[in-house]
Amino acid sequence: MPDREFAVAIPAADEGAVKPWRKLLRGLDESQHGARGCLGDWLEAGASYGLPAGAVIVLCDPLPGGDKKRVRLWRVKTDGTTKVERDSTLGSANAFGASVRGTMRRLVDKHPPRPGPVRQLTAAPPRVNERADTCGLCRQPVAARDGVLARNHRGYTEARHQQGQCPPPPPLKNDYAQACGRCGGWLEKGEGILYEAAPALPGPYGARALLKARHPQDCPPPAQRTAPPPRANMREQDCMLCGHLVAARTGLLIRQDGGWEVRHLEGKCLPTEELWEITRGEPGPYRRRLESWAPAGTVLRSTLHDHGRPFPDDAPGFQRLRDGEVSAIVTTVRERRPEYCRDEDGNQPGDLIGEDGWYFRILVRPATADEAADILAQEATAHRRASLAERRRRLFEQSDDGEIPETVDLTGTVQVDFGALRSLHKHWPDDELHVDEIAGTAWFLRHNGADGDNWSANNNAGFIARRMPLTPERAQLIADLRAEYAT
């Protein structure tokens, strides 16, 4: 009966053997050297197993000193007894050499191993650990001859405490300095022990308990507790006292009304500045770098809200827009840390309603007269030119005292620059203004060559040229235009 099993007792190790082992041989790995080439299932010395006829057992008993090994090869016969196929004691380097491997290879080829797990019939008697070691279960020390030897899932023998005698794990030390979870006193790294401050609750990464540090024994009375050391700010932030910027790691982090604030070190605060805050929103995708909207010293006109602290009305370019809101020329002092806002249910800052983007908060002061001079000059120029453009539209484009002749003769006229484009389409010709002061006439040429225009109305290529008298008011406008746009 080829599938019949026989109870085979595995012999104990030779007296004095160092790290002996037994194995049911299932094959050879020719790429491995020594005993590593033996493939199969580990067997415990002193136990009995149900093995079929033809099963090959390898028994290895290294002698003290490690110079020699006794290797035996047993085969289970058809009557359940075992036959010693080989019993040799060789040097450690040759214990599983070519000769021994040849015997194992011959036995495996002649008696192919039966697939499936090995069934253990009786347990092996416990083996006492002869030297102190670490328990393979609780990872705590095991004194010599106080524990047992057992084989782990990898097939290696390890020391363990007796069944049920593993001591409770020691309390874990705190790996970093923190406040005691019970009294609030400060504990340096390794001074306290960890305890479960809150039970484990299910979460996205599994159930985890909240661990905190506490004093190893009873907490000391309040007078003897160590106060937490001052914490440095890890990033730059405005001082809660003077409002000036505190560079990273140069100030103190203070618990304030459920949040954290930063202030300068004692006596390091600067004089308080009169600053106002403006905000800007820049829609766009997130970029992995700190953004900056207006570096310190930037001069610009901005709208400010001055509720509770009026903005100086003598500031350059001051204009009161409405109650609590002004427009003035300001100089940026510094920016607060920019924040990237993502639109979620419309809860964005007012500058980014409905959009994702960077949100900037900039502290500013009123610009000085010298700082504001360029912007004021640009605004004055823009105001003058807007007034000239309105006069030009009224006197030349919207007048009704001109005529559109069939032929146009611009001989003797001079073109006057009025500095404005009729259209944003830069490839279209600009409107033109021509004047003949001797003849007392002026010509205004309006481009009429765009899609949708009535091209049949043109009397000068792609233009409609209108001739009108050069009145004193028009002559004054032409003089003002020449003065404004003189090159």
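**Strand pairing, pockets and selected residues**

Arg 231 stands opposite Leu 253 in β21. The model in which this pairing is found is a predicted one. The strands concerned, β18 and β21 (residues 251-256), run antiparallel and are joined by two bridges. Both belong to an open sheet of three strands, in the order β18-β21-β22 and with antiparallel pairing. Its edge strands, β18 (231-232) and β22 (259-264), each pair on one side only. Strands of a sheet pair through backbone hydrogen bonds, in either a parallel or an antiparallel sense.

β25 and β26 form a hairpin with two residues between them. His 307 itself is placed in the loop between β24 (299-305) and β25. With a relative accessibility of 60%, His 307 counts as exposed, because the cut-off for this class is over 50%. The C-alpha atoms of His 307 and Ala 132 are 78 Å apart in space, and the two residues are 175 apart in sequence.

Strand β26 (residues 325-335) also holds Thr 332. The relative accessible area of Thr 332 is 3%, so this residue is buried, the limit being under 20%. The side chain of Thr 332 reaches the backbone oxygen of Pro 295 at 2.6 Å. Leaving aside neighbours within four places in sequence, the contacts of Thr 332 include Ala 294, Pro 295, Ala 296, Gly 297, Thr 298 and Leu 300. Ile 362, Leu 363 and Val 364 are also in contact with Thr 332.

The largest pocket holds about 1100 Å³ of space. It is lined by 36 residues, of which Val 18, Lys 19, Pro 20, Arg 127 and Thr 157 are the closest to its centre. Two or more lining residues come from each of the elements β2 (21-28), β3 (38-43), β9 (127-128), β12 (148-151) and β13 (157-160). By class, this lining has 17 nonpolar, 13 charged and six polar residues.

In the second largest pocket there is about 420 Å³ of space. Among the 23 residues of its lining, Val 148, Leu 149, Ala 150, Arg 151 and Arg 160 are the closest to the centre. At least two lining residues of the second largest pocket are supplied by each of β12 and β13. The most is given by β12, with four residues. The lining of the second largest pocket comprises 12 nonpolar, seven polar and four charged residues.

Lys 19, one of the residues closest to the centre of the largest pocket, is found in the loop between β1 (5-9) and β2. Lys 19 is exposed because its relative accessible area of 68% is over 50%. Most residues other than glycine have a negative phi. Lys 19, although not a glycine, has a positive phi of about 55 degrees. A positive phi of about 55 degrees is also found at Ala 461, likewise not a glycine. Ala 461 is placed in the loop between β31 (441-447) and β32 (463-469). At 72% relative accessibility, Ala 461 counts as exposed.

Helix α3 (residues 472-484) contains Glu 484. The relative accessibility of Glu 484 is 15%, which means that Glu 484 counts as buried, the value being under 20%. Not counting residues up to four places away in sequence, Glu 484 touches Thr 381, Arg 384, Arg 385 and Leu 388. With Arg 385 there is a polar contact between side chains, at 3.0 Å. Glu 484 and Leu 43 are 441 residues apart in sequence, and their C-alpha atoms are 107 Å apart in space.

Definitions and conventions:
Residues are numbered from 1 along each chain as its sequence is written. This is a predicted model: local features need pLDDT of at least 70, side-chain atom pairs count only at pLDDT 80 or more; totals for chains, interfaces and linings use all residues. Side-chain values use heavy atoms; hydrogens and water are left out. Buried means under 20% relative accessible area, exposed over 50%, partly exposed in between (1.4 Å probe, protein chains only). A polar contact is a pair of N or O atoms within 3.5 Å; within protein, one must be able to donate a hydrogen and the other to accept it, and residues adjacent in sequence count only if both atoms are side-chain atoms. Contact means heavy atoms within 4.5 Å. Two strands pair if DSSP finds at least two bridges between them. On a 1 Å grid over the protein atoms alone, a cavity is a set of points where a 1.4 Å probe fits but cannot get out, and a pocket is an open set with protein on both sides within 12 Å along at least five of seven lines; lining residues have an atom within 4 Å of a point. Grid points are joined across faces, edges and corners, and a volume is the space filled by probe spheres set on the points. Ala, Val, Leu, Ile, Met, Phe, Trp, Tyr, Cys and Pro count as nonpolar, Asp, Glu, Lys and Arg as charged, and the others, Gly among them, as polar.
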